[in-house]
Amino acid sequence: MGNINDDWTNGPPAGAELYASLPEGWYDAVIEKSEIKQTRSGTGSYINMMWRITGPEQANRTVFAMITLTNQSSAAEEIGRTTRWRLCQAIGLTKLGDAEDLIGHSCTIKVRIKRSEEWGDKPEIKAYRPI
């Protein structure tokens with residue numbers, strides 16, 4: 001087995017800032033990945049998206065978002081439908097047939113930090129608007 005010889009006496013490695021906490025605010029961003037996934041319990045589904053911030057602030061940072069498709073809770077499904085409608089309004093889509101239809105579309109996203117002692121703080125997308 002080899003030895004690990006990491007030395008950060010002169011600071012963090014290149015690119016470490018991409019993993020630092022993302023400040024809350026509005027950011028221009030593009031959807032780079034979008035796919036439908038099943039919930040861990042197997043009782044629902046959601047769209048899992050990876051957004052890349054295009055700038056000017058925080059360029060190339062990523063934010064992940066999930067939007068409910070199916071759920072045992074009708075309220076959760078309604079929130080998912082409303083969120084999908086708001087997203088499509090912001091990116092200019094009038095129809096959404098598949099999660100992959102979202103890839104490559106841009107808008108301005110509102111990022112808030114969700115606080116969690118169990119999972120740690122993480123950025124969440126709370127709103128969408130056209131660029």
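Analyst: The count of disulfides here is zero, where a disulfide is a pair of cysteine sulfur atoms within 2.5 Å. Cys88 belongs to no disulfide, and the nearest cysteine sulfur, that of Cys107, is 10.0 Å away. This is a predicted model, in which local features need pLDDT of at least 70 and side-chain atom pairs count only at pLDDT 80 or more, while totals for chains, interfaces and linings use all residues. Residues are numbered from 1 along each chain as its sequence is written, and side-chain values use heavy atoms, with hydrogens and water left out.

User: Why is Cys88 called buried?

Analyst: Buried means under 20% relative accessible area, exposed means over 50%, and partly exposed lies in between (1.4 Å probe, protein chains only). Cys88 has a relative accessible area of 8%, so Cys88 is buried.

User: What makes Cys107 buried, and how do you know that Cys107 is in no disulfide?

Analyst: The nearest cysteine sulfur to that of Cys107 is that of Cys88, 10.0 Å away, so Cys107 is in no disulfide by the cut-off. The relative accessible area of Cys107 is 0%, and therefore Cys107 is buried. In the protein, buried residues make up 28% of the 131 residues.

User: Where does Ser34 lie, and why is Ser34 called buried?

Analyst: Ser34 is in strand β1 (residues 25-38). Strands (E, at least two residues) and helices (H or I, at least four) are DSSP runs, numbered from the N terminus. Ser34 has a relative accessible area of 6%, so Ser34 is buried.

User: Which residues does Ser34 touch?

Analyst: Contact means heavy atoms within 4.5 Å. Not counting residues up to four places away in sequence, Ser34 touches Ile47, Asn48, Met49, Ala99, Glu100, Leu102 and Ile103.

User: How do you know that the charged end of Arg129 sits over the ring of Trp26?

Analyst: The rule asks that NZ of Lys or CZ of Arg be within 6 Å of the ring centre and within 35 degrees of the ring normal. The charged end of Arg129 is 3.8 Å from the centre of the Trp26 ring and is counted as sitting over that ring.

User: Why are β1 and β2 called paired strands?

Analyst: Two strands pair if DSSP finds at least two bridges between them. Between β1 and strand β2 (residues 45-55) there are 10 bridges, so the two strands pair, and they run antiparallel. Ile36 has Ile47 in β2 as its bridge partner. In the hairpin of β1 and β2, six residues lie between the strands, and Gly42 takes a positive phi near 80 degrees.

User: Which elements does the protein hold, and in what order do they run?

Analyst: There are one helix and five strands. From the N terminus on, the order is β-β-β-α-β-β.
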